[in-house]
Amino acid sequence: MDMRSANFPDAHPIISLANLSVGYQKKTVARVPSLQVERGQSLLLTGASGSGKSTLLFTIGGLLKPLAGNVVFDGHDFSQLSTGKIGRLRGERIGFIFQDVHLLAGLSVLDNVVLGAFAVGKRQERDRAVELLQIVGLQDLQHRKAETLSRGEAQRVAIARAMLLQPKLILADEPTASLDDQNTEIVGTLLVEAAKHTDAALLIATHDQRLKLRFVDHLELSNNPIAGSTQ
Amino acid sequence: MNDFKLVGSFILRRPVTWLFHALSLAVAIAVLGSVLLIQRAADTRLKRDLAGVDLVVGAKGSPLQLVMSSLFHVDAPTGNILLSQAETIRANRLVRSAIPISLGDNVGGVRIVGTEKAFGTLYGAELSSGRWWDKTMEAVIGAEAAERLSLGLGDTFVGDHGLMPGGQAHRDARYKVTGILAPTGAVIDRLVLTDLASVWAIHENHHHDGEAKDGHKHHERGNEIGKKDARQITALLVQYQSPLAAAILPGLVSATPDLQPASPAREALRLTALLGAGSNTLTLLGTVLLALAAFGFIIALASAVASRRRELALLGALGASQSHLLRLTLIEGLVLGSVGGAIGIAFARLAAASIAATGLGGYALPVESFGQTDLVLWSGAVALGLLGAVFPGLVAARTDIVRSLGGGA
């Protein structure tokens with residue numbers, strides 16, 4: 001199924017997928033015949049558990065190699081790049097938000113926000129990090145240790161971290177899993193705001209029905225790896 | 001944020017485990033370090049006390065005993081030799097200098113050495129106060145001896161017969177302190193020096209009922225040490241005129257009745273070999289401990305890397321390169337080696353200072369101040385920390401990011 005012409009006709013996509021098969025150890029869990037996403041656009045990847053949402057997200061982010069097909073990010077064909085170069089590209093231009101938050105417990109909230117810049121050896125703009133913490137409503141907690149945060153607060157720190165280097169793409173894997181309704185609302189709003197703030201494309205993998213209402217473009221993956229449909 | 005801050009946060013999450021491994025490295029370094037420091041101190045002391053003496057000429061007996069008693073002043077002499085025989089050797093053109101010494105008495109356990117003023121030059125000794133003796137029964141005291149005996153310029157004392165305290169006192173002959181030597185770090189610091197004539201005078205005028213309890217033998221064979229026609233000394237400390245002397249003089253001495261030559265260098269080697277067995281065992285123990293410590297912290301680092309798999313995966317997901325992940329583990333090894341090494345050196349110095357203060361059979365050792373040995377030990381510990389971190393670091397660098405972040409199937 002080709003989703004390109006119907007939804008994302010722009011000539012300069014941030015992500016371009018062609019005949020993509022994703023999975024682990026040669027076992028295909030999802031296929032996407034064609035997909036293009038532009039800067040500023042948001043797309044929800046939905047589907048049941050095991051349908052390959054996270055696998056597709058990790059593949060788009062260059063953390064997994066596709067079993068077949070191509071991932072082109074911002075004009076860079078991942079199949080032509082080394083793991084190290086893909087890693088650097090990911091660090092500099094993709095904001096990743098993980099399901100289990102993954103803050104470094106021994107560090108302060110502020111240090112966790114600048115962690116992405118540190119990882120790729122970029123200048124750690126702490127003023128900008130404080131500004132981002134203000135956006136996510138946690139400026140007062142900047143010196144707190146990450147392990148003292150609630151799950152909702154930690155997810156907001158992860159969003160601030162994803163925004164630090166002005167990414168062109170934000171990938172969020174089940175960002176509202178195990179959050180209550182109030183925090184889901186906050187995190188959902190912040191993700192949209194974060195994408196707007198940095199003019200990034202936003203891809204969210206989720207099976208959270210509460211998020212589906214907020215996004216127009218969906219790519220639904222089914223447990224049948226051949227299937228994939230957009231709304 | 002920097003690598004050290006991040007590694008510090010890793011360490012502080014498991015401080016007790018980390019400290020345990022730093023301490024096991026420290027113990028190994030301490031054992032090795034203290035053995036090394038004591039060995040070096042003993043070598044230094046040995047070299048200083050040999051004082052450039054090439055040959056000791058004394059009464060027949062054990063050559064090691066002759067050297068120990070005449071140069072290190074820690075054993076009983078082998079006996080006495082005739083001054084006239086010593087003078088013959090002294091006159092040999094192969095001899096650059098020859099200094100006679102005469103032992104036999106002590107004051108408060110400090111040996112009284114009858115000798116010549118040139119004895120001081122052997123050790124580079126200089127007076128810190130007073131003057132050298134001008135006449136009999138005047139004495140110059142080494143710095144350590146003066147402190148131990150609480151003697152100052154102008155004070156008088158009597159010598160006891162023998163080389164250990166408790167012998168019969170020569171009450172009718174008092175020495176007067178005319179000079180005190182500056183510290184040299186050599187055996188002369190622990191001696192009382194006087195001229196040969198004083199020793200002879202005491203023994204010409206004084207007789208005892210029996211032998212001293214340390215086997216002191218200056219009454220043997222009816223040759224009283226002080227009789228003018230048969231004056232005796234304990235040993236002659238000889239420096240060669242040329243290397244040729246080493247080939248000829250010992251033979252000449254051996255050929256003289258009642259005399260034996262002893263090479264201080266050779267006897268010092270024998271002594272080192274005798275003591276070496278103990279220090280070799282300690283060195284082996286230290287090496288085994290070091291190997292165990294290295295193995296221990298390789299396991300500890302590997303376990304730490306495994307326990308922070310998610311953190312490392314997060315850094316990888318955020319764009320950190322494999323070399324960066326390797327570097328973080330190497331830094332942890334570096335910190336572990338540095339801290340363990342520093343603690344180990346501190347322990348080694350404490351142990352060495354305690355051993356040196358106690359002394360080995362009254363033979364005090366000058367432990368060197370902080371320097372090359374400590375740097376070598378510390379560098380070794382750091383290198384060991386780095387080497388031990390290589391394997392865990394490679395494991396860290398190859399962390400499977402997706403699986404570690406819970407995304408694997």
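**Opening question: B:Thr178**

Is B:Thr178 buried or exposed? B:Thr178 is buried, with a relative accessible area of 7%. Buried means under 20% relative accessible area, exposed means over 50%, and partly exposed lies in between (1.4 Å probe, protein chains only). The residue is found in strand β8 (residues 169-181) of chain B. Helices (H or I, at least four residues) and strands (E, at least two) are DSSP runs, numbered from the N terminus.

B:Thr178 touches B:Ser129, B:Gly130, B:Arg131, B:Trp132 and B:Trp133, and also B:Glu138, B:Ala139, B:Val140 and B:Leu153, not counting residues up to four places away in sequence. Contact here means heavy atoms within 4.5 Å.

**Basis of the model**

This is a predicted model, in which local features need pLDDT of at least 70, side-chain atom pairs count only at pLDDT 80 or more, and totals for chains, interfaces and linings use all residues. Residues are numbered from 1 along each chain as its sequence is written, chains are lettered from A and ligands numbered from 1 in the order in which they are written, and side-chain values use heavy atoms, with hydrogens and water left out.

**An open sheet in chain A**

Chain A has an open sheet of four strands in the order β2-β1-β4-β5, with antiparallel pairing. Strands β2 (27-37) and β5 (76-77) of chain A stand at the edges. Each has a single partner strand, so one side of each is left without a neighbour in the sheet. Two strands pair if DSSP finds at least two bridges between them.

Strand β4 (residues 68-73) of chain A is joined to β5(A) by two bridges, and the strands run antiparallel. Within β5(A), A:Asp77 stands opposite A:Val72. Helix α2 (residues 53-60) of chain A packs on the sheet and touches β1 (15-24), β2 and β4 of chain A. The direction of this helix makes about 125° with that of β1(A). Axes are lines fitted to C-alpha atoms, for helices over the stretch in contact, and angles run from 0 to 180 degrees between N-to-C directions.

**A covered strand in chain A**

Strand β7 (residues 169-173) of chain A is mostly covered: five of its five residues are buried. In a regular strand the side chains alternate between the two faces of the sheet. From β7(A), A:Leu169, A:Leu171 and A:Asp173 point one way. A:Ile170 and A:Ala172 point the other way.

Strand β6 (residues 94-97) of chain A pairs with β7(A) in the parallel sense over four bridges. Five bridges join β7(A) to strand β8 (residues 201-205) of chain A, also in parallel. A:Ala172 is the bridge partner of A:Ile97, and A:Ala172 has A:Ile204 as its partner in β8(A).

**Salt bridges**

A salt bridge is a side-chain nitrogen of Lys or Arg within 4 Å of a carboxyl oxygen of Asp or Glu. A:Lys53 lies in helix α2 of chain A and A:Glu174 in the loop between β7 and α8 (181-198) of chain A, so the pair ties together parts that are 121 residues apart in sequence. Both residues are buried.

A:Asp111 and A:Arg126 also meet in a salt bridge (2.9 Å, N to O). A:Asp111 lies in helix α4 (residues 109-113) and A:Arg126 in helix α6 (residues 126-135) of chain A, so this pair ties together parts that are 15 residues apart in sequence. A:Asp111 is buried at 3% relative accessible area, whereas A:Arg126 is partly exposed at 31%. A:Asp74, A:Arg93 and A:Lys168 are linked in a network of salt bridges. In chain B, B:Asp400 and B:Arg403 pair at 3.6 Å, N to O. B:Asp400 is partly exposed at 39%, and B:Arg403 is partly exposed at 42%.

Helix α10 (residues 309-317) of chain B is mostly covered, with seven of its nine residues buried. Among them are B:Leu312, B:Leu314 and B:Leu315. Just after α10(B), B:Gly319 takes a positive phi of about 110°.

B:Leu19, B:Leu23, B:Phe347 and B:Leu350 make a nonpolar surface patch of about 360 Å². Patches are made of residues with over 30% relative accessible area and no salt bridge; like charges are joined within 9 Å, and nonpolar side chains (Val, Leu, Ile, Met, Phe, Trp, Tyr) within 5 Å. Accessible areas come from the Shrake-Rupley method with a 1.4 Å probe, and for residues only the protein chains shown count as cover. Helices α2 (15-50) and α11 (322-358) of chain B each supply at least two residues of the patch. B:Leu19 is found in α2 of chain B and counts as partly exposed at 44% relative accessibility.
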